[in-house]
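Please keep the sequence and the structure in view while reading.

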Amino acid sequence: MSTLQPSKQKKKKKRVKGVVDRITAGIVVVLIRHPNAAEDEPDTYLEIYVPREKFKIRVLHEGDYVSVDIEEN
């Protein structure tokens, strides 16, 4: 029996590349290609909200390429 909280348990994470869409109040909105999108749907994106402190690059601008970790289902 595990005493860890569900959010603290091991979950598979995947690193994906994305583009900074906007930065609002210390939150960076990153657009990534939707993981379940079909090949014939190239314009299906998913917004990921990441705190600015999570990035090594401290000076981010709209349009910058970044990588983020997402949880796999």
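## The pairing of β1 and β2

Strand β1, which covers residues 13-24, and strand β2, which covers residues 27-33, run antiparallel and are joined by five bridges. Within this pairing, R22 has V29 of β2 as its bridge partner. The model is a predicted one, and the pairings described here and below are to be read as features of that prediction.

## The sheet as a whole

The pairing of β1 with β2 belongs to an open sheet of four strands, whose order is β3-β2-β1-β4 and whose pairing is antiparallel. At its edges lie β3 (45-51) and β4 (65-71), each of which pairs on one side only. Averaged over the sheet and with direction ignored, neighbouring strands are turned by 45° against each other. In general, the strands of a sheet pair through backbone hydrogen bonds, either parallel or antiparallel.

How many bridges join β1 to β4? Seven bridges join these two strands, which run antiparallel, and in this pairing K14 stands opposite I70 of β4.

The two faces of β4 can be told apart by whether they are covered: V66, V68 and I70 make up the covered face, whereas Y65, S67, D69 and E71 make up the uncovered one.

## K54 in the loop between β3 and β4

K54 is found in the loop that lies between β3 and β4. Is K54 buried or exposed? Because its relative accessibility is 65%, and a residue counts as exposed over 50%, K54 is classed as exposed. K54 and V28 are separated by 26 residues in sequence, while their C-alpha atoms are 9.6 Å apart in space.

## The largest pocket

The largest pocket holds about 530 Å³ of space. It is lined by 15 residues, of which V50, K54, S67, V68 and D69 are the closest to its centre. The elements that contribute two or more residues to this lining are β1, β3 and β4, and β4 gives the most, with six residues.

Sorted by class, the lining of the largest pocket is made up of eight nonpolar residues, one polar residue and six charged residues.

Terms used
Residues are numbered from 1 along each chain as its sequence is written. This is a predicted model: local features need pLDDT of at least 70, side-chain atom pairs count only at pLDDT 80 or more; totals for chains, interfaces and linings use all residues. Side-chain values use heavy atoms; hydrogens and water are left out. Two strands pair if DSSP finds at least two bridges between them. Axes are lines fitted to C-alpha atoms, for helices over the stretch in contact, and angles run from 0 to 180 degrees between N-to-C directions. Buried means under 20% relative accessible area, exposed over 50%, partly exposed in between (1.4 Å probe, protein chains only). On a 1 Å grid over the protein atoms alone, a cavity is a set of points where a 1.4 Å probe fits but cannot get out, and a pocket is an open set with protein on both sides within 12 Å along at least five of seven lines; lining residues have an atom within 4 Å of a point. Grid points are joined across faces, edges and corners, and a volume is the space filled by probe spheres set on the points. Ala, Val, Leu, Ile, Met, Phe, Trp, Tyr, Cys and Pro count as nonpolar, Asp, Glu, Lys and Arg as charged, and the others, Gly among them, as polar.
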